[in-house]
Amino acid sequence: MVWIPTISCWLFTIYLMSFGVSHVYGITLTARDETGIKGPNPVTVKCEYVLAPGEVLFSITMSRKRTTDPSYTDIAVFRPVNSSRFAASVSTTFRDRTTLIMSDGSTSVRFDRVECEDEAAYRCTVNYQTAGNTADTKTADMNLLLQAQPLTPTITLTPAYADGYTNGQQVQFQCQGSVGKPAGDFLWFRYRGNTPEDITSLARLNPAYSSPGTCTSDRISQLTLNVSRQDNGMTIRCAANHTTLTKPTGFETCNSTCRQADKITVFFTFSESDPDVSSNPAGGTHTVGDTVTLKCNADTNPPATFSWHKEGDDNSTTPGEEWTLSNLQIEDSGTYTCMATNVVRGVTYNASRSLNINVVVKPIIPSTTITATSRGPPPGNTDNTVVIVVCVIIGVLLITGVLTGVVFYRKRRGMKTLEDAHYEKPYTALQRGTSVQQTYGVIRSETTQGKPTHYMSTKEYGFLIVNSPAQPRGFPVYVNESFDHAVGTTTTSASLTAPAQPRGFPVYVNKSFDHAVGTKTTSFSRTDGPIYEDLN
């Protein structure tokens with residue numbers, strides 16, 4: 001069974017040779033496949049060897065066989081003591097971009113710049129003397145595989161309108177160029193603004209085909225879009241996608257492997273919402289004397305032209321997007337229409353939209369300012385004099401029975417309603433039954449002896465009835481106010497019966513109307529005692 005070890009030895013030798021290792025009866029020779037990238041990307045093909053004891057190296061020859069070559073051709077010869085040279089058949093360009101390297105245990109050819117022709121099968125052939133003093137030769141094979149990055153593609157548009165396209169028009173974008181080796185593909189990105197949108201799924205990618213005179217492949221990808229108003233100012237980018245590159249996302253700067261088309265101009269006319277009209281201040285109702293600005297705009301390309309017109313007034317047309325109405329009057333009420341015009345490719349389009357302006361008279365709401373002052377009795381005999389005078393007057397009033405007086409004052413606008421009233425008088429006994437009657441209820445006031453009198457009121461829209469305090473001897477005081485709609489004035493009448501009392505000092509109520517500011521002023525001056533209406 002001597003043949004079994006022999007067969008096993010040969011099978012093991014074949015196994016080693018399949019990995020580029022030649023090791024039979026002594027010398028070990030190793031060569032590994034390498035991958036290079038076309039261009040200035042260094043790569044080295046190397047043969048490594050190990051001599052057995054007693055063996056002597058004569059030379060190592062590096063040769064190659066390209067797919068177009070019928071057989072291997074020598075490119076370099078390496079000899080011991082760092083002696084190496086190119087083969088005579090090697091071109092100058094090959095020598096200029098390669099370097100021969102020999103070291104203890106290996107020989108190499110380093111490609112400083114890789115070209116398509118460098119992709120080939122390489123073979124190392126070792127000439128040596130065996131330990132038995134016989135000449136022998138061993139070989140090991142390897143491959144230099146080549147990759148190539150894509151080149152900058154081109155983009156063409158069909159139809160090729162330099163000025164722009166119309167809304168809804170179909171435009172085809174074609175991207176063409178080298179997709180490298182092995183063949184890559186193209187990615188498409190749309191930019192409506194600064195954010196990219198990957199629209200590769202909308203494109204069609206043609207099969208790769210060999211680029212003449214190169215080892216790379218070319219490809220064509222076509223993207224067809226129906227452009228719209230949203231695409232005005234849009235940018236389209238085509239970027240090569242390849243194993244030698246980081247996959248594009250669209251956010252990176254367009255480099256040597258992508259192409260970006262110029263911005264697309266899309267012409268479009270009015271949409272259903274155009275034109276848009278508004279007023280500032282907003283709202284359809286304004287008051288006499290106000291200023292309002294009417295605004296009109298529309299999203300079109302080219303930009304639309306505008307004019308304003310008030311319906312029913314043939315002389316009111318105003319050109320421009322805005323129309324400012326100053327010092328509004330009642331006659332300015334009406335419907336205002338914005339008319340917009342847009343011309344696209346010689347075709348004229350018109351659109352209009354209206355808004356209503358209502359001008360009203362602003363009601364003047366009068367305010368009543370009431371101040372109350374309190375003064376105590378003057379020092380000295382003055383108190384007695386005042387008391388005597390008051391008592392005489394009261395006595396006369398009691399004899400005559402009735403004191404009447406009428407106060408009239410006029411206003412241009414407004415009516416009066418009591419919103420708040422507050423009385424505080426020094427004698428509780430004189431306050432019993434005091435009340436103010438109005439359309440919204442009855443307000444009653446409780447007081448404490450010795451406190452000053454305060455009176456606050458704001459009146460609008462209505463009439464006021466004031467009942468004076470019930471007195472042991474006397475009759476109530478009535479103050480009646482009414483608004484005459486025919487003449488636009490407010491009338492106040494007061495009737496006073498028997499208010500005089502034997503004790504205390506008078507309180508005077510003075511009323512006046514300021515036509516300049518449209519307010520009524522009521523002031524009080526009093527000493528301790530009942531209320532008197534001063535009707536002068």
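Colleague: To begin with the charges, how many salt bridges does the structure hold?

Modeller: The predicted structure holds 15 salt bridges. In general terms, side chains of opposite charge can pair when their charged atoms come close.

Colleague: Which residue forms a salt bridge with R64?

Modeller: The partner of R64 is D118, and the closest N and O atoms of the two are 3.7 Å apart. This pair links distant parts of the chain, since R64 belongs to strand 5 (residues 56-65), while D118 is in the loop between strand 9 (106-111) and strand 10 (120-129). The two residues are 54 residues apart.

Colleague: Is R64 buried or exposed?

Modeller: R64 has a relative accessible area of 9%, so it is buried. The limit for this class is under 20%.

Colleague: And what is the relative accessible area of D118?

Modeller: The value for D118 is 0%, and therefore D118 is buried.

Colleague: Which other residue does D118 pair with in a salt bridge?

Modeller: D118 also forms a salt bridge with R97, with the closest N and O atoms 2.4 Å apart. That pair, too, links distant parts of the chain: R97 lies in the loop between helix 2 (92-96) and strand 8 (98-103), 21 residues apart from D118. Both D118 and R97 are buried.

Colleague: Which residues are linked in that network of salt bridges?

Modeller: The network links R64, R97, E117 and D118.

Colleague: Moving on, where are R192 and D231, which meet in a salt bridge?

Modeller: Their side chains meet at 2.6 Å, N to O. R192 is in the loop between strand 15 (185-191) and strand 16 (196-198), and D231 is in the loop between strand 19 (217-226) and strand 20 (235-241). The pair links distant parts of the chain, 39 residues apart.

Colleague: Why does R192 count as partly exposed?

Modeller: R192 counts as partly exposed because its relative accessibility is 43%. D231, by contrast, counts as buried because its relative accessibility is 2%.

Colleague: What about D198; which strand is it found in?

Modeller: D198 is found in strand 16. At 48% relative accessibility, D198 counts as partly exposed.

Colleague: Which residues does D198 touch?

Modeller: Leaving aside residues up to four places away in sequence, D198 touches W188 and F189.

Colleague: Are W323 and Y336 buried or exposed?

Modeller: W323 is buried, with a relative accessible area of 14%. Y336 also counts as buried, at 1% relative accessibility.

Colleague: Which residues do ring pairs link into a cluster?

Modeller: That cluster consists of F86, F94, F111 and Y122.

Colleague: Finally, which residue lies over the face of Y72?

Modeller: R123 lies there, at 4.2 Å from the ring centre. Elsewhere, the charged end of R345 sits over the ring of Y161, 5.7 Å from its centre.

Terms used. Residues are numbered from 1 along each chain as its sequence is written. This is a predicted model: local features need pLDDT of at least 70, side-chain atom pairs count only at pLDDT 80 or more; totals for chains, interfaces and linings use all residues. Side-chain values use heavy atoms; hydrogens and water are left out. A salt bridge is a side-chain nitrogen of Lys or Arg within 4 Å of a carboxyl oxygen of Asp or Glu. Helices (H or I, at least four residues) and strands (E, at least two) are DSSP runs, numbered from the N terminus. Buried means under 20% relative accessible area, exposed over 50%, partly exposed in between (1.4 Å probe, protein chains only). Contact means heavy atoms within 4.5 Å. Rings of Phe, Tyr and Trp (its six-membered ring) pair if their centres lie within 6.5 Å; planes under 30 degrees apart count as stacked, over 60 as edge-to-face and the rest as tilted. A charge sits over a ring if NZ of Lys or CZ of Arg is within 6 Å of the ring centre and within 35 degrees of the ring normal.
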